[in-house]
Amino acid sequence: MKREIELTVKSNMPINKCKEKLKIAGYTLEKELHVKDIYMRSKDVSLQSSNEEILKRSVLVRDVVKNKSSVHEKELVYKEKEYNEKGEIVSSNKYIVHIDSVEKAVVFLEKIGYVKLLEIEDMYTEYSKGEVVIGLQDVKDLGAFIEVEETIKHREITDEMRIREDLKQYLLDTKLDIDASDFDVKKVFLALDNMRKRK
């Protein structure tokens, strides 16, 4: 289990412009990934349930290709999140199991009562400056997003709201054109809402 505190915002500018601004501001390119997530939900959960309820009963099968190589890193991921009354994430843990085959994992989950919910695919580019790591995500059918995760200095801090305020400032300090009305964008919620609209 790994504690995971991150903020995600919608970018008002294309990813290539974000990359240019970060380079000019002294950020260093760390890695580029192609990420494909297949969300599998329990058959026991209705699509009419809240997004939070659906995801509590969902597992994702992740396939990551690093730096335009042919090496795939495959995982089963369960994200345990707690939300406050405003729908903001107040606590998050991630459980990861490495797997050999995405296809076999999907079949296995189907055999034990899961069905394919949706897929999210994105190009992820990570930059760093000092201890701050900024992730740029170009998400298929959803747009451009920017995220920041807790830093090493935050590992000893237990007050998650204090950490979230630090992360918010890190995002603002990038001077990227972001939608500052929501620092807790949930891409999977947007994808779920889009899926329901199409049905």
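This is a predicted model: local features need pLDDT of at least 70, side-chain atom pairs count only at pLDDT 80 or more; totals for chains, interfaces and linings use all residues.
Local features require pLDDT of at least 70 and side-chain atom pairs count only at pLDDT 80 or more, while totals for chains, interfaces and linings use all residues. Residues are numbered from 1 along each chain as its sequence is written, and side-chain values use heavy atoms, with hydrogens and water left out.

Select helix 1, residues 15-24 (helices are DSSP runs of H or I with at least four residues, strands runs of E with at least two, numbered from the N terminus). Ile15, Cys18 and Leu22 are buried here (buried is under 20% relative accessible area, exposed over 50%, partly exposed in between, with a 1.4 Å probe and protein chains only). Viewed down the helix 1 axis, the buried residues fall within an arc of 55°, so they line one face (the arc is taken over directions from the axis to the C-beta atoms). On the face turned away, select the exposed Lys23 and Ile24. Gly26, which follows helix 1, has a positive phi near 95°.

Within helix 5, Arg196 and Asp193 are three residues apart, about one helical turn. They form a salt bridge with closest N and O atoms 3.3 Å apart (a side-chain nitrogen of Lys or Arg within 4 Å of a carboxyl oxygen of Asp or Glu).

Finally, display Lys116 and Glu119, whose side chains meet in a salt bridge of 3.6 Å, N to O. Lys66 and Glu73 form another, at 3.2 Å. The structure holds eight salt bridges.
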